[in-house]
Amino acid sequence: MAAIAPIIEIRNGTKMFGSFTALADINLSINQGEILTLLGPSGCGKTTLMRLIAGFENLTSGTIQIGGVDIANIPPERRPVNMVFQRYALFPHLDVFENVAFGLKVKGMPKEERTERVNRMLHIVQLESFANRYIDQLSGGQCQRVALARALVNGPKVLLLDEPLAALDLKIRQHMLAEMKRIHIETGATFVYVTHDQDEALILSDRVVLMEKGRVVQVDRPTEMYAKPKSLFAAKFLGETNIFETTITAVNGIGTTARTSSGIQFHSSETLTKKPSEKIAVSIRPESLTFQHKNPDAQSAECVVDDIVFMGSRSFYTVRLNDQSKVRVQVQRDGRLSVPSPGDKATIFWDASNVVMLPRD
Amino acid sequence: MNLSRTKIGAILAAPTVVYMVIFFVVPSLILFSYSFWSSESYRVVPDFVFTNYLDSLHSAVFWKVTINAVRIGLTTAAISLVLAVPVGYYLVYVSRSQTMLYLILITWFSSYLVRIYAWRTLLGTNGVLNAVLLQLGIVDHPVDAFLFSSFAVTITLVHIYLPFCILLVTSSLSEIKPDLIDAARDLGTSSLGAFFRVIAPNAANGLAGAFMLTFILVAGDYVTPQMLGGSSGQTTGLLIADQFRKTGNWPLGAAQAFVMFVISIALYFILVSLGRATGLIVKRRTINPKGI
Ligand SMILES: Nc1ncnc2c1ncn2[C@@H]1O[C@H](COP(=O)(O)OP(=O)(O)OP(=O)(O)O)[C@@H](O)[C@H]1O
Ligand SMILES: [Mg+2]
C-alpha cells in the first residue's frame, strides 16, 4: 500500500439540502495515493460527497482539508482536484479533442505540448479516431471515455470518479479498469471512486467506504470488509451471504455459540460482548459452505437440495434446511468429488472461522 | 387508424400553415406585387416598374430614417441583450425559480401607450427628472433635451423590449445544463471564464436570435420613436406608414417595406458572419454520422 499520509481530511462533515440531511457527520481521511471507493445504495450521498470535495457544494457544518489546508473558501478552479461527472458534462460545442484539451488550454499550456498530451490520452482511452467528432455523435461509452480523458489529462493530485465505467460493456470495462490501475501507478494520484459495482470496488480499491443514508458505516480494505463486515447492512451489501436469525447460548473464552429456533448451532471463535439469550444474526458466505467436511471441528446442518445453477467453473446450489429456510451454497468444480443432485438429502458443513456474528438491524 | 409520423406531423401543422398562408403569405405577396405598381395623383395603377425601388434607394430622406431606425434598433437590442444576459444567467443558474421570470413578464401587462406616456412624464420639461435636478440645484432651468432625443427613445424602447429579450435569453440558456459550468470550473476556469468559454458559445445561436428579434421589433416600432424622439425619432416605419395613411402612395410604401426587410436579413447575415469570424458562434463541421 501507498504511504499513509492523509491528503483529504473530512471532519464532522454534514450537508443539508433544506431540511433533508444528505450527509450526516462524516469523518473520513483519504490517504495520499490510494484508491478509495465509495460504495452504497443509490441516494446515499456518494455524489454529494464528491461535489463537496470538488467545491460545487459547501458543507453545512464541519471541515474539509486538502493537503492540510481548509478548503472552505477555495473555489473549485483552484482545488488540485478533477472530477469525472456521473452524467459526463461534456462540452457540446467542442469536439472530442477540444474537450480533452480544455483544462490544459485554460492553464495556458503551449499548443505543441498540449496536442501531444491530449493525443496520448486519446490513445489510452482508444478514441484517437474520434478526435474530431462532436459529443452528440458519440455513444454513451465513448462519452464516458472522453470524460475520463478530459479529467485525467490534467494530472490532478486527486481524481474524483463518479461511476466512470457504468455505461461500458464488460470487455471495455475490464480494459479501462486495467488502464486506470496503470494510470494510478504512473501518476501517483489519489483516486476517489464511486461505483455500484462490487466487483469493480473489490478489484480496484485499496480501501472501501461503505455508506448508507448519508452516513459512513464502515471503512476497510476490501478483503477485510468482505470477510469481516461490521453490520448486517455491510454483509448483505458487499457480496452474497446467508443470514440466520439466532439466539446466543454461550459466550466464553473459546468463542461464542448461538442457535436458531430450529436448533441449528453456530460457533464463532470470536468472543462477543453480548450475553446469552440476546438475539444475534449469523452470516455465512455461500463459498464458505461445503458438502464435504475436511475439518473434524466442522459444524453442520442437514438439508435437501432444491436447485442447482451451473456457472462454468462453479455452481450455485439452493438447499432447504429442516426449518424450510433456503440457503445458497457455492461449489467449485472438482471432477474428483461427488456432489448431490436436486432432491437429494445432504449435509452442509462450515468452519468456525467463517461464522460472522452481527448485531441485528 | 394507422398514420405515419409524417402524416401526423402534416395534420398537426395544417391549421397553422393554412392560417399563415391566408393571413401572412398571401398579403405579403400582394404587397410585393404592389411594390411594382405605379401611383398617379393618389391613384394606384397596376404596372411593372422598378421606380418605387429606385426612388426609395435614391431618396436621402429614406436613407436618413432607415439609418436612424437601424441605429435605434441596434443600440436598443445591444443594451437589452447586455442587460438580459446577467438576468437570464441569474434566473437559470442561480435562483432556478420561475417566479422571478413571471414578475419580469408582468410589466408587459401594462399598456404600451401608458408606458410611453409615463416616460414623457418623467423626461419632459415639467417632468420628474427635471423637478429633481432643479430641486438639487444641479440645473437652474428645466432641461428640454431629455425628451425628444435619441436618449429618450432608447431608454423607453429598452424598457419596453427588455422583458421580451430576457424571455428569449432565459429560454436559450435553460437548454444548457448547469453541469457544464461545474465541469468548466473543475477544469480551471473562473465562473466568468465558464460563462465565456462554455455558456456563451453554446448559447450563441440563441443569443444572436434574441438580439435579432429585439432588433426587428424595435426597428419596426414607429410609435415610440415618434412620441419620444420628435424629429430625431423619424424611422422607416413612420415613413412607410405615411405612404399608406397620408400620401396614399401604396406602391412606394410597399417597396420601402421590402427594402427594410432585405436590410434586416442582410444585418442578420452580417451578424452571424461576424460571430463566426470571431469564433463567438461555433460553426460545426458535419461528419458522416455512420454507426451512431
Ligand atoms: N441539490 C440538491 N437538492 C436537494 N437534494 C439533493 C440535491 N443533491 C442531492 N440531493 C439528495 O441527496 C441525496 C444524495 O444524493 P447523491 O446524488 O449524493 O446520491 P448518490 O449516492 O450519488 O446516488 P446514485 O448512486 O444514485 O448516484 C439524494 O437523496 C438526493 O435526492
Ligand atoms: Mg451519484
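Which charged end sits over the ring of A:Tyr226? That is A:Arg285, at 3.9 Å from the ring centre; a charge counts as sitting over a ring if NZ of Lys or CZ of Arg is within 6 Å of the ring centre and within 35 degrees of the ring normal. A:Arg150 likewise lies over the face of A:Phe91, 4.8 Å from the centre of that ring.

Before we go on, a word on the ground rules. This is a predicted model, in which local features need pLDDT of at least 70 and side-chain atom pairs count only at pLDDT 80 or more, while totals for chains, interfaces and linings use all residues. Residues are numbered from 1 along each chain as its sequence is written, chains are lettered from A and ligands numbered from 1 in the order in which they are written, and side-chain values use heavy atoms, with hydrogens and water left out.

Let us turn to ligand 1 in chain A. It has 13 residues around it (a heavy atom within 4 Å), and A:Ser42, A:Gly43, A:Lys46, A:Thr47 and A:Thr48 come nearest. A polar side-chain atom of A:Thr47 lies 2.6 Å from an oxygen atom of the ligand, and for the side chain of A:Lys46 the distance from an N or O atom to a ligand oxygen is 2.8 Å. Helix H1 of chain A gives the most to this shell, with three residues; helices here are DSSP runs of H or I with at least four residues, and strands are runs of E with at least two.

A:Thr47 lies in helix H1 (residues 46-54) and A:Gln86 in the loop between strand S6 (81-84) and helix H2 (96-106), so the pair ties together parts 39 residues apart in sequence.

Finally, look at the rings of chain B. B:Phe258 and B:Phe261 both lie in helix H12 (residues 250-277), three residues apart. Their ring centres are 6.3 Å apart and their planes at 85 degrees, so the pair is edge-to-face; rings of Phe, Tyr and Trp (its six-membered ring) pair if their centres lie within 6.5 Å, with planes under 30 degrees apart counted as stacked, over 60 as edge-to-face and the rest as tilted. B:Phe258 is buried at 16% relative accessible area, whereas B:Phe261 is partly exposed at 47% (buried is under 20%, exposed over 50%, partly exposed in between, with a 1.4 Å probe and protein chains only).

Key:
A polar contact is a pair of N or O atoms within 3.5 Å; within protein, one must be able to donate a hydrogen and the other to accept it, and residues adjacent in sequence count only if both atoms are side-chain atoms.
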